[in-house]
Amino acid sequence: MKLSSCKMAAASTANFFTTSTAPCNSKPYMVSKSKSFGLRFNSPNYLRSFSGLKAATSVNCESESSFLGKESTAALRDSFAPKAVKQNRDTVTRFQPRASFKVAILGAAGGIGQPLALLIKMSPLVSTLHLYDIANVRGVTADLSHCNTPSQVLDFTGTAELPNSLKGVDVVVIPAGVPRKPRMTRDDLFNINANIVKDLVEAVADTCPDAFIHIISNPVNSTVPIAAEVLKQKGVYDPKKLFGVTTPDVVRANTFVAQKKNLKLIDVDVPVVGGHAGITILPLLSKIKPSVSLIDEEVEELTVRIQNARTEVVDAKAGAGSATLSMAYAAARFMESSLRALDGDSDVYECSYVQSELTELPFFASRVKLGKNGVEAVIPSDLQGLTEYEAKALEALKPELKASTEKGVAFANKQPVAA
């Protein structure tokens with residue numbers, strides 16, 4: 001079975017999949033220091049517990065994939081620990097992945113939370129997955145617990161169990177709240193989701209203040225500043241560990257550009273800066289890798305489509321939902337990058353909406369380098385040498401992004417945090 005659904009690293013990619021092979025000899029072997037490696041065993045029993053969708057007799061990590069990046073492949077390779085086991089009176093070497101991180105999803109029973117939980121459950125870097133929601137999370141947990149990947153899944157229901165869901169957690173991801181529906185304004189969305197994010201971040205501040213916090217709940221341009229103000233009021237704000245997840249914009253930009261120019265999707269990387277709504281989303285199409293030629297009409301067409309991609313899905317679903325699956329995929333990509341960084345990978349870059357000094361705005365989405373302590377560096381080079389179209393679009397987005405940020409700050413400061 002092949003697990004290759006997405007490009008999880010912005011700069012480089014690889015493939016993780018399991019396949020059945022015929023026995024080759026009495027000992028496993030590994031090909032290292034190459035673009036791919038494999039572990040082969042003379043019996044299918046040795047990998048029954050391996051992270052994957054089904055047991056298999058070989059594990060391959062090859063280049064040209066889309067689920068794990070090159071660095072993730074290396075991390076996966078390094079995570080195998082030999083363990084001697086006795087079977088049929090012969091001692092063989094068994095390789096087991098060492099998963100080490102605990103992740104909590106707040107809003108795990110929702111349209112984004114459920115597929116996101118499944119994708120995170122597949123990560124070899126996750127040892128424990130906590131699923132929290134105000135209702136209906138027990139069934140989600142029971143369902144996920146049947147998947148034969150190593151991470152343990154635990155459910156937590158209602159505000160009384162929220163603190164326990166956060167104990168010892170390394171990364172908290174917050175997709176909680178309502179999705180945007182047809183004819184719903186961003187103000188409508190704000191009025192509902194602002195309080196939800198505030199309450200959840202208060203609990204994070206009290207229970208796991210050192211965790212990475214991934215904010216998915218929209219409008220991200222306002223909910224991230226709300227989270228920052230809550231953390232400040234609690235005295236635990238670390239700007240390096242608070243992220244607005246704008247990865248959906250990068251994923252869409254990569255996809256749309258690859259389709260438009262008939263490129264191999266896995267090779268395409270489009271930096272997206274600004275914010276995470278409407279015209280604040282600015283794909284820098286002049287910075288596409290690999291370099292491609294776009295006429296002015298193509299630039300405008302692609303930019304507008306990327307900015308309105310969420311609305312495209314909302315309209316297509318005709319009131320039955322919003323962009324949940326692509327959002328979950330993008331959030332899983334950002335989660336994987338965060339876990340790789342926590343695990344010591346020194347070459348992890350993603351675009352994210354963070355506290356920034358790149359512009360006069362206090363929060364701005366751009367490419368950042370991730371490390372064990374969060375944001376190690378905000379990358380300024382993408383904003384250098386912009387085209388005239390991009391420079392004008394950058395100036396045009398600033399007033400709206402500034403207003404959204406100030407709206408979030410004002411909301412948080414009007415609402416006293418719980419002691």
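The lining of the largest pocket in this predicted model comprises 19 nonpolar, 15 polar and six charged residues. Here Ala, Val, Leu, Ile, Met, Phe, Trp, Tyr, Cys and Pro count as nonpolar, Asp, Glu, Lys and Arg as charged, and the others, Gly among them, as polar. The pocket is lined by 40 residues. Nearest its centre lie Pro-175, Ala-176, Gly-177, Val-178 and Ile-196. Its volume is about 740 Å³.

A pocket is an open set of points on a 1 Å grid over the protein atoms alone, where a 1.4 Å probe fits, with protein on both sides within 12 Å along at least five of seven lines; lining residues have an atom within 4 Å of a point. The volume is the space filled by probe spheres set on the points, which are joined across faces, edges and corners.

Helix H5 (186-207) gives the largest share of this lining, nine residues. Strand S8 (126-133) and helix H4 (162-166) also supply at least two residues each. Helices (H or I, at least four residues) and strands (E, at least two) are DSSP runs, numbered from the N terminus.

Residues are numbered from 1 along each chain as its sequence is written. Local features need pLDDT of at least 70, side-chain atom pairs count only at pLDDT 80 or more, totals for chains, interfaces and linings use all residues, and side-chain values use heavy atoms, with hydrogens and water left out.

Now the rings. Rings of Phe, Tyr and Trp (its six-membered ring) pair if their centres lie within 6.5 Å; planes under 30 degrees apart are stacked, over 60 edge-to-face, the rest tilted. The count is four aromatic pairs. Two are set out here.

| Pair | Centre to centre | Plane angle | Type |
|---|---|---|---|
| Phe-190 and Phe-411 | 5.6 Å | 85° | edge-to-face |
| Tyr-353 and Phe-363 | 5.9 Å | 40° | tilted |

Phe-190 is in helix H5 and Phe-411 in helix H11 (residues 388-414), 221 residues apart. Phe-190 has 5% relative accessibility, so it counts as buried. Phe-411, at 13%, is buried too. Buried means under 20% relative accessible area, exposed over 50%, partly exposed in between (1.4 Å probe, protein chains only).

Tyr-353 lies in strand S15 (residues 348-355) and Phe-363 in strand S16 (residues 363-371), ten residues apart. Tyr-353 is buried at 0%. Phe-363 is buried at 6%. Elsewhere, ring pairs join Phe-212, Phe-243 and Phe-334 into a cluster.

Charges also meet rings. A charge sits over a ring if NZ of Lys or CZ of Arg is within 6 Å of the ring centre and within 35 degrees of the ring normal. Lys-407 lies over the face of Phe-190, 4.6 Å from the ring centre. The charged end of Arg-305 sits over the ring of Phe-256, at 3.7 Å from its centre.
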